[in-house]
Amino acid sequence: MVDSAVFVISGSRIGRCSLAMNRPLVSVIMPTFNTREDFLKASIGSILHQTYTNIELVIIDDCSETYSDTLYCNPDPRIRVIRNPQNLGVAGSLNVGIDSS
């Protein structure tokens with residue numbers, strides 16, 4: 001029996017859904033690289049303010065050259081940030097995110 005599924009939410013976001021629970025946890029994977037703060041805030045806000053609330057947001061920082069307070073100082077327990085030690089590109093970052101969800 002399959003207990004999880006991976007699916008594309010939109011564009012470069014991929015999620016994993018555990019089917020074993022009544023209200024499945026949906027993992028949203030968001031790769032970033034040198035992303036402007038205003039875009040990060042808008043993206044994170046959009047994901048966290050959905051009507052379905054049983055989610056985790058896994059943000060993969062693909063070895064950005066700049067430090068982001070938006071990523072590393074966010075108190076929401078649904079957010080996990082993983083920093084790649086080297087730039088892996090979008091596909092590599094998505095794989096890191098899927099493996100960690």
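Trainee: Leaving aside its neighbours within four places in sequence, what is Val 81 in contact with?
Mentor: Val 81 is in contact with Ile 59, Leu 71 and Tyr 72, where contact means heavy atoms within 4.5 Å. Keep in mind that this is a predicted model, in which local features need pLDDT of at least 70, side-chain atom pairs count only at pLDDT 80 or more, and totals for chains, interfaces and linings use all residues. Residues are numbered from 1 along each chain as its sequence is written, and side-chain values use heavy atoms, with hydrogens and water left out.

Trainee: Which strand is Val 81 found in?
Mentor: Val 81 sits in β5. Strands (E, at least two residues) and helices (H or I, at least four) are DSSP runs, numbered from the N terminus.

Trainee: How far is the C-alpha atom of Val 81 from that of Gly 97?
Mentor: Those two C-alpha atoms are separated by 9.4 Å, with the residues 16 apart along the chain.

Trainee: Back to strands. Which strand does β5 run parallel to?
Mentor: β5 (residues 79-83) runs parallel to β4, with five bridges between them; strands count as paired if DSSP finds at least two bridges. One of these bridges links Asp 61 to Arg 83 in β5.

Trainee: Which other strand is joined to β4 by bridges?
Mentor: That is β3 (residues 26-32), also parallel to β4, with seven bridges. There, Ile 29 has Val 58 of β4 as its bridge partner.

Trainee: How many residues of β4 are buried, then?
Mentor: Seven of its seven, residues 55-61. Ile 55, Leu 57, Ile 59 and Asp 61 point one way, while Glu 56, Val 58 and Ile 60 point the other.

Trainee: What kind of unit do β3, α1 and β4 make?
Mentor: They form a right-handed β-α-β unit, with α1 covering residues 37-48. Right-handed means that, with the strands pointing away from the viewer, the path from the first strand over the helix to the second runs clockwise. Along the whole sequence the pattern is β-β-β-α-β-α-β-α.

Trainee: Which residues make up the largest nonpolar core?
Mentor: There are twelve: Val 26, Val 28, Met 30, Leu 40, Ile 44, Ile 47, Leu 48, Ile 55, Leu 57, Ile 59, Leu 71 and Ile 79. Two or more residues each come from β3, α1 and β4, and α1 gives the most, with four. Apart from this core lies another, of five residues, including Ile 29, Val 58, Ile 60 and Leu 94. A nonpolar core here is a set of buried Ala, Val, Leu, Ile, Met, Phe, Trp, Tyr and Cys residues joined through side-chain atoms within 4.5 Å.

Trainee: New topic: how many aromatic pairs does the count come to?
Mentor: One. Tyr 67 and Tyr 72 are stacked, at 5.3 Å centre to centre and 20 degrees between the planes. Rings of Phe, Tyr and Trp (its six-membered ring) pair if their centres lie within 6.5 Å; planes under 30 degrees apart count as stacked, over 60 as edge-to-face and the rest as tilted.

Trainee: Is Tyr 67 buried or exposed?
Mentor: Tyr 67 is exposed, with a relative accessible area of 55%, whereas Tyr 72 is partly exposed at 29%.

Key. Buried means under 20% relative accessible area, exposed over 50%, partly exposed in between (1.4 Å probe, protein chains only).
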